[in-house]
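I opened my notebook for a look through this one, with the nonpolar core and the salt bridges on my list.

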Amino acid sequence: MKFSKFLDEMTMKAGNLDVDLKRIFAHYDKSIRDSELEHIGDIDSVKIMRYKNSGGIVDFLVKDDQRIGIIIFSEFHIKTGKILEIDDVYVIPEEQRKGIFLKYLYFLKNVLKRKFLFGSVHSIATQNFLKKSHELKRFDISWYNLDTNEKEPFENDKYSLTAPTKWRVMIESDENSTFNQFKTSDVGIKNSYEWLFDSIDKI
C-alpha cells in the first residue's frame with residue numbers, strides 16, 4: 001500500500017497529513033508480525049526493524065519493544081541505478097520533535113550507503129524538515145527529474161501547486177566516514193547522532 005494511492009488528486013505541496021499517516025501506521029503495525037522483521041541497525045536506543053517483500057520496504061522504529069515509527073519505501077530503477085523512494089513517514093506523537101527521523105536518514109545515507117528520493121507528496125512537516133536539513137548542510141539535497149535525469153539545486157523550487165510532477169527531492173550517499181564524532185558511555189565508545197543538531201535552533 002502506497003500513500004500516493006490515497007492522494008491521487010493532491011498537489012505535491014500538501015497540508016497536515018497526520019490523520020492519514022496514523023491510519024497507515026496502524027495498518028502496517030497490525031499486519032506485520034515481529035517474526036517477519038529483520039534487525040538492520042540501531043539509532044542510539046532505537047532499533048531499526050525491516051520488513052521487505054517484492055512490493056517494497058517497511059522500516060519500523062522500535063524503542064523498548066514498542067513500535068514508535070514507520071518509514072515506507074518503494075524500490076525501483078532510475079537511469080543511474082536502483083534507488084529507494086520514501087512514500088510515507090510517521091512517528092507517534094510522544095516521540096516527535098526528538099530528531100529520530102533526522103538520525104534515521106543519516107543512518108540510511110552514511111551507514112547503509114543508500115541514496116534515496118522523497119515521494120511525490122510533501123506535507124508541511126516534510127517541507128520544513130527538508131528546508132532545515134538543507135540549511136544545516138547535514139545532507140547533499142537536490143532536485144532530480146525521473147524522466148530526464150536532470151539535477152537542480154535544492155534552492156530552485158520545483159514544487160507544483162496543481163499536481164505531482166516528475167521532480168523529486170534526492171539525498172545521496174557519500175564516502176564520508178560513518179561517524180566523525182563519538183561519545184563515551186559506561187559501555188565504552190558509542191556512535192553519537194547528537195552533533196546532527198548543532199546550530200539547529202538558529203534556523
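My entries below go from the core to the charged pairs.

**Entry 1: the core.** I noted first that this is a predicted model. I then looked up the largest nonpolar core and found 48 residues in it. Phe60, Tyr104, Leu105 and Phe118 have the most contacts inside this core. Helix 2, residues 100–110, gives the largest share of the core, with 8 residues. I also found another core lying apart from it, of 5 residues, including Ile78, Leu117, Tyr144 and Met170. As a reminder to myself, nonpolar side chains tend to be buried together in soluble globular proteins.

**Entry 2: around Phe60.** Which residues does Phe60 touch, not counting those up to four places away in sequence? I listed Phe25, Tyr28, Asp29, Ile32, Leu37, Lys47, Ile48, Met49, Arg67, Gly69 and Ile70.

**Entry 3: Ile72.** I went to strand 4, residues 66–78, and picked out Ile72. Is Ile72 buried or exposed? Its relative accessible area is 2%, and the cut-off for buried is under 20%, so Ile72 counts as buried. I also checked Ile86, which is 14 residues from Ile72 along the chain; their C-alpha atoms are separated by 6.0 Å.

**Entry 4: buried charged pairs.** My search of the whole structure for salt bridges gave 12. I wrote down Asp59 with Arg50, whose side chains meet at 2.7 Å, N to O. Both Asp59 and Arg50 are buried. Next I looked at Arg168 and Glu85, which form a salt bridge at 3.1 Å, N to O. Arg168 sits in strand 9 (residues 167–171) and Glu85 in strand 5 (residues 81–91), so this pair ties together parts that are 83 residues apart in sequence. Arg168 and Glu85 are both buried.

Entry 5: How far apart are the closest N and O atoms of Lys151 and Glu172? I found 2.3 Å for this salt bridge. Lys151 belongs to strand 8 (residues 151–153), while Glu172 is in the loop between strand 9 and strand 10 (182–185), so I noted a link between distant parts of the chain, 21 residues apart. Lys151 has 45% relative accessibility and counts as partly exposed. Glu172, at 22%, is partly exposed as well.

**Entry 6: a network.** I finished with salt bridges that share partners, and found Asp29, Asp34 and Arg67 joined into one network.

Notes
Residues numbered from 1 in each chain as written. Predicted model: local features only at pLDDT ≥ 70, side-chain atom pairs only at ≥ 80, totals over all residues. Heavy atoms only, no water. Core = buried A, V, L, I, M, F, W, Y, C linked by side-chain atoms within 4.5 Å. Buried < 20%, exposed > 50% of the residue type's maximum accessible area, 1.4 Å probe, protein only. Helix = DSSP H or I, 4+ residues; strand = E, 2+ residues; numbered from the N terminus. Contact = heavy atoms within 4.5 Å. Salt bridge = Lys/Arg side-chain N within 4 Å of Asp/Glu carboxyl O.
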